[in-house]
Amino acid sequence: MNVITKKVQLPDGRTITIETGKVAKQADGAAVLRMGNTVLLATVCAAKDAVPGTDFMPLQVDYREQYSSAGRFPGGFTKREGKASDSEILISRLIDRALRPLFPSNYHAEVYVQVMLLSADGVDQPDALAGFAASAAMACSDIPFEHTISEVRVARIHGEYVINPTFQQMDEADMDLMVGATKDNIMMVEGEMDEVSEQELIGALKAAAEAIKPMCTLQDELSKELGKDVKREYDHEINDEDLRQQIKTELYQPAYDVNKQALEKQARHDAFDKILADFLEKYDAAHADLKEEELEEKHAEATRYYEDVLRDAMRRCILDEGKRLDGRQTTDIRPIWCEVSPLPMPHGSAIFQRGETMSLSTCTLGTKLDEKLVDDVLEKSYQRFLLHYNFPPFSTGEAKAQRGVGRREIGHGHLAWRGLKGQIPTDYPYTVRLVSQILESNGSSSMATVCAGTLALMDAGVPMKKPVSGIAMGLIKNPGEEKYAILSDILGDEDHLGDMDFKTTGTRDGLTATQMDIKCDGLSFEILEQALMQAKAGREHILNCMLETISEPRAELKPQVPRIEAFDIPKEFIGAVIGPGGKIIQQMQEETNTVITIDETDGKGHITVSAPNKDSIEAAIAKIKGIVAIPEIGEIYEGTVRSVMPYGCFVEILPGKDGLLHISEIDWKRLESVEEAGIKEGDKIRVKLMDIDPKTGKYKLSRRILMEKPEGYVERERRPRPDRRSHREGERHE
């Protein structure tokens, strides 16, 4: 084995080790990353040739966590790892987004990157190391790759930027960013913040960029030492340079002219398609001698070259004339239309439309029982705010079936969730679920989800701290050219043909989440700062439009929303409320038609009671407060007779608290039996607590004390009981 080990230090002195040559040697590249007790294995394999007709980069990234890495058994019936969790998919996307732009544009062989978490002690966060491990595996292979990359997490803790903080440190962070970059350029950013400024975000990106540089240098040295700095040769495209030049010459100007017409999305696409269709019709007529298979190949090539023409025409129209595909200036926001409560029965609903992008969002309020259990390898928790994003094919006019939730839906929904979750009060008793249905799409549907989600939350009466809006920014910047354009509120085509997709969400007071993907080299921090400030102005404009529709959360919940009351009880009474095997709490729920949940927080029992109406809630609360109440001598109670005995009866004065009402305390007159007073089980009677036995804690009750004493009443003298022990001792003495 030719084992090679490299090390790099983080700014705080912790060490990350990369090792190759020991395991997974049949993969094209493999690397083991170790930081403390956290160990990841990354492998990469690539096909030798591309599948015929492939004109894109077929990259597949899979990040998986083994439960054995933390000494745990997987849940479920099979007790083995199953399909990827949402967390694993999100980490896979982070790796993919940083790696994908760095493959050669004409490289189309299938590439599979797999990263496995093999050991974790719950101290260091493995997701911050996965991108570094994946790129190191690429560096150990001969797969064509233009630059090594790495990813780090940067958090701000007490005003200081910390690289790859521990789980414990994250509890005090007000900024959580994942940054992927080459030695020279930032490629990917995603994270959430607690209303920070644009300058503070730039500071975090600079700190991450500095930390990533030595990681990339390590990989370059590793690749050279392995002899993998010379990559494999490939030939995945058959190109006809004459045809390429012909298309550029004949179709560039017509495409440029369509760009200037400011057409709507479908009309613009139809116009672009017609230009190519007319060209291919003429081309086929001029090359009638070619076979059908040859013409199909030429059509595929022509389509690829035409894509380049469309890209150049769109970019030049923006850079040279400042005109975008829909006629806007670079800073203009598309027309916005909002509506709240478009649906009668959801607890909250809203439509947000910006240009040709529309989200219909609904808000549902539930109880603690509706919380989502997160059972990942290193995290077991409950989520009380959920956001689900759906992207049906009809939103872009596609004629195809809608299948299960894809990685795109999970990623877009997660970004919107991060943007909004900090504005839901932590003590809000409801579990909240937002669902965004994208009904139309032409760019930035995740940001439309943030806006529609804010409106739906306010329509439902959720007391948000502050409303949130979002915007997606784009960039046009040609290599070697100083001129560039930053685009506000980008279209789908501007995202596809441009150099940047930079999404930000925030309140009036600061940023709450961001996601950025860069496709070009040499993006300066000055350009990023300009984009952030332009995005801030755009977000404020969008937020103003939203607040014209609904300015603050509704003061009252809608009639169909279940009511919830929450309060705390002393910790020592939790068991009494639940009862043996849950008997007491289940009985209360059945009798009052409520849902009661209880958990221990901050040394107290936190109880929530939900029901369709207020009377049921009040009845349940009364029962609970009766259990936790401490009986006081001298208090009068409305009790229930639980059992009748020859010497009296037992009366429940508070839930679970019975006292003895002796037969002599039932009435002022002498009774031969309890039945003589007309008392039977189940009767409601008023009694007064006279005494509490200090040894046994038993309660002594009286009913007659609440009655008017008869005139001339004389208390019957009670004779003391004979001392039986003394009597027996006397007999023995005799």
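This is a predicted model: local features need pLDDT of at least 70, side-chain atom pairs count only at pLDDT 80 or more; totals for chains, interfaces and linings use all residues.

Reader: What makes up the span 634-704, in terms of helix and strand?

Author: Residues 634-704 are 0% helix and 51% strand, and their end C-alpha atoms lie 14 Å apart. Helices (H or I, at least four residues) and strands (E, at least two) are DSSP runs, numbered from the N terminus. UniProt, in an unreviewed entry, lists these residues as "domain: S1 motif". UniProt positions are given in the numbering used here, feature names are shortened, and annotations may be inferred rather than shown by experiment.

Reader: Which domains does the assignment give?

Author: The protein chain is divided into domain 1 (4-226), domain 2 (241-321), domain 3 (336-399 + 406-549), domain 4 (563-625) and domain 5 (635-706). The bounds come from an automatic or database domain assignment. Taken over C-alpha atoms, the centres of domain 2 and domain 5 are 96 Å apart.

Reader: How do you know that Cys-140 is in no disulfide?

Author: The structure holds zero disulfides. For Cys-140, the nearest cysteine sulfur is that of Cys-45, 13 Å away, whereas a disulfide is a pair of cysteine sulfur atoms within 2.5 Å. Cys-216 is likewise in no disulfide, the nearest cysteine sulfur being that of Cys-140 at 14 Å.

Reader: Why are Cys-140 and Cys-216 called buried?

Author: Buried means under 20% relative accessible area, exposed means over 50%, and partly exposed lies in between (1.4 Å probe, protein chains only). Cys-140 has 5%, so it is buried. Cys-216 has 1%, and therefore counts as buried.

Reader: Why is the pair of Tyr-252 and Tyr-256 called tilted?

Author: Rings of Phe, Tyr and Trp (its six-membered ring) pair if their centres lie within 6.5 Å; planes under 30 degrees apart count as stacked, over 60 as edge-to-face and the rest as tilted. By this rule the count comes to seven aromatic pairs. One of them joins Phe-103 and Tyr-107, whose centres are 6.2 Å apart with 5° between the planes, a stacked pair. Both Phe-103 and Tyr-107 are buried. For Tyr-252 and Tyr-256 the centres are 6.0 Å apart and the planes stand at 35°, so that pair is tilted. Tyr-252 and Tyr-256 are four residues apart in helix α5 (residues 241-259), so about one helical turn separates them. Tyr-252 is partly exposed at 22% relative accessible area, whereas Tyr-256 is buried at 9%.

Reader: Which residues are linked into a cluster by ring pairs?

Author: Phe-103, Tyr-107, Phe-145 and Tyr-234 are linked in this way.

Reader: What makes Arg-408 a charge over the face of Phe-391?

Author: A charge sits over a ring if NZ of Lys or CZ of Arg is within 6 Å of the ring centre and within 35 degrees of the ring normal. Arg-408 lies over the face of Phe-391, at 4.0 Å from the ring centre. Lys-625 lies over the face of Phe-567, at 5.7 Å from the ring centre.

Reader: How do you know that Asp-495 touches Asp-501?

Author: Contact means heavy atoms within 4.5 Å. Not counting residues up to four places away in sequence, Asp-495 touches Ile-490, Asp-501 and Lys-519. The UniProt record, an unreviewed entry, places the feature "binding site" at Asp-495 and Asp-501. Asp-495 lies in helix α10 (residues 492-497) and is partly exposed at 26%. Asp-501 lies in strand β20 (residues 500-507) and, at 8%, counts as buried.

How values were computed. Residues are numbered from 1 along each chain as its sequence is written. Side-chain values use heavy atoms; hydrogens and water are left out.
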